[in-house]
Amino acid sequence: MTKAEIVAKIAEKTGVEKGAAQAVVESFMEIVKDSIKSDEPVYLRGFGSFIKKTRKEKMGRNIKKGTSITIPEHSIPAFKPAKTFVNELK
């Protein structure tokens, strides 16, 4: 499902205009991004959590040159679904 489809579904279910629904979806995404950047997880009870994970430094390969490279430690965004959400999918 794309962002445009989500906006259309929200507009249909709530009866608001697509422009307003789009503003809400985009605002939600910005809030989540800003929170994750500042190391503040976002918890949505019954749905899941948006968190920031840190990947440790590791060795990798440059396939084109055939040499080893060091991939530095870095952070990635992650989503952890709530147990109730996981159970609904089973």
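Trainee: What should I know before we start?
Mentor: This is a predicted model, in which local features need pLDDT of at least 70 and side-chain atom pairs count only at pLDDT 80 or more, while totals for chains, interfaces and linings use all residues. Residues are numbered from 1 along each chain as its sequence is written, and side-chain values use heavy atoms, with hydrogens and water left out.

Trainee: At what angle do H1 and H2 pack?
Mentor: Helix H1 (residues 3–14) and helix H2 (residues 18–37) pack at about 125°, and their axes are 8 Å apart. Helices (H or I, at least four residues) and strands (E, at least two) are DSSP runs, numbered from the N terminus. Axes are lines fitted to C-alpha atoms, for helices over the stretch in contact, and angles run from 0 to 180 degrees between N-to-C directions.

Trainee: Which word describes how H1 and H2 lie to each other?
Mentor: H1 and H2 are oblique to each other. Angles under 35 degrees count as roughly parallel, over 145 as roughly antiparallel, 65 to 115 as roughly perpendicular and the rest as oblique.

Trainee: Which residues make the contact?
Mentor: H1 contributes Lys 3, Ile 6, Val 7, Ala 8, Ile 10 and Ala 11, and H2 contributes Lys 18, Ala 21, Gln 22, Val 25, Glu 26 and Met 29. Contact means heavy atoms within 4.5 Å.

Trainee: How do the residues of that contact divide?
Mentor: Eight are nonpolar, one is polar and three are charged. Ala, Val, Leu, Ile, Met, Phe, Trp, Tyr, Cys and Pro count as nonpolar, Asp, Glu, Lys and Arg as charged, and the others, Gly among them, as polar.

Trainee: On to the sheet. In what order do its three strands come?
Mentor: The order is S1-S2-S5, in an open sheet with antiparallel pairing. Two strands pair if DSSP finds at least two bridges between them. At the edges are strand S1 (42–44) and strand S5 (74–81), each pairing on one side only.

Trainee: How many bridges join S2 to S5?
Mentor: Eight bridges join strand S2 (residues 48–55) to S5. Gly 48 has Pro 81 as its bridge partner in S5, and Arg 55 stands opposite His 74.

Trainee: Where is the separate hairpin you mentioned?
Mentor: S3 and S4 form a hairpin with four residues between them, and Gly 66 in the turn has a positive phi of about 70°. Strand S3 (residues 58–62) and strand S4 (residues 67–71) run antiparallel, joined by five bridges. Met 59 stands opposite Thr 70 in S4.

Trainee: Now the serines. Is Ser 35 buried or exposed?
Mentor: Ser 35, in helix H2, is buried, with a relative accessible area of 12%. Buried means under 20% relative accessible area, exposed over 50%, partly exposed in between (1.4 Å probe, protein chains only). Not counting residues up to four places away in sequence, Ser 35 touches Glu 40 and Val 42.

Trainee: What does Ser 49 touch?
Mentor: Ser 49 lies in strand S2 and is buried, with a relative accessible area of 14%. With residues up to four places away in sequence again left out, Ser 49 touches Val 42, Tyr 43, Ala 78, Phe 79 and Lys 80.
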